[in-house]
Amino acid sequence: MKDQNLEQRYKKWIVILSIAIPLVVALLFGVNLKRMGFAVEPLSFLPPIYATINGFTAVLLVLAVIAIKKGNRKLHENLMKGAIGCSILFLGMYVSYHMTSDSTKFGGEGVVKFIYYFILITHIILSIVIIPLVLITYVRALAQVFDKHKMIARITFPIWLYVAITGVVVYLMISPYYVY
């Protein structure tokens, strides 16, 4: 059963979340609880965990594409819900880490520094772009408008996969410079 109106009903929420999530993350990124006088320990154990979660997200995305190509819609749906859940977990841990810890400066030099910042900047920009794409793709699946879902999923998938993989790459490149 197709519900063409479902997408319209969710349109306002897609816009609100697509704006609110990056704004809230940016605001919370600037909040350091320790500097505000709170007695908090840095959550320095989180970066390898949330980098691993990014890796899981990438794996789930690839498995979901394989599942749908094999016609297993239910497995695809469950894998995609898992990828969304991983992304939400990542975001919560990422914000929590940065609210309790000072940002780590990348110490590499030369070409490696350029490569790092290129990957980091594209990762950040595309992590903002991916929010509405994921939400629209998900709502179109909920509405069972699979022709439109498939059209946008072809755009959403490679961008989301890039964001997930580059999240791991950024962590691996900066991890030698973490102060524990």
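Here's a quick briefing on the aromatic contacts and a surface patch in this structure.

It's a predicted model, so keep in mind that local features need pLDDT of at least 70 and side-chain atom pairs count only at pLDDT 80 or more, while totals for chains, interfaces and linings use all residues. Residues are numbered from 1 along each chain as its sequence is written, and side-chain values use heavy atoms, with hydrogens and water left out.

**Aromatic pairs**
- Searching the whole structure turns up nine aromatic pairs (Phe, Tyr or Trp rings, the six-membered one for Trp, with centres within 6.5 Å; planes under 30 degrees apart are stacked, over 60 edge-to-face, the rest tilted).
- One of them is Phe106 with Tyr116, stacked at 4.1 Å centre to centre with 5° between the planes.
- That pair links distant parts of the chain, with Phe106 in the loop between α3 (73–100) and α4 and Tyr116 in helix α4, 10 residues apart (helices are DSSP runs of H or I, at least four residues, numbered from the N terminus).
- Phe106 also pairs with Tyr177: the centres are 5.3 Å apart and the planes at 70°, so this one is edge-to-face.
- Tyr177 sits in the segment after α5 (146–174), 71 residues from Phe106.
- Phe29, Tyr50, Phe90, Tyr94 and Tyr97 are linked into a cluster by ring pairs.

**Burial**
- Phe106 has 8% relative accessibility, so it counts as buried (under 20% relative accessible area; exposed is over 50%, partly exposed in between, with a 1.4 Å probe and protein chains only).
- Tyr116 is buried too.
- Tyr177, at 33% relative accessibility, counts as partly exposed.

**Charge over a ring**
- Arg73 lies over the face of Phe146, 4.0 Å from the ring centre (the cut-offs are NZ of Lys or CZ of Arg within 6 Å of the centre and within 35 degrees of the ring normal).

Key. Helix = DSSP H or I, 4+ residues; strand = E, 2+ residues; numbered from the N terminus.
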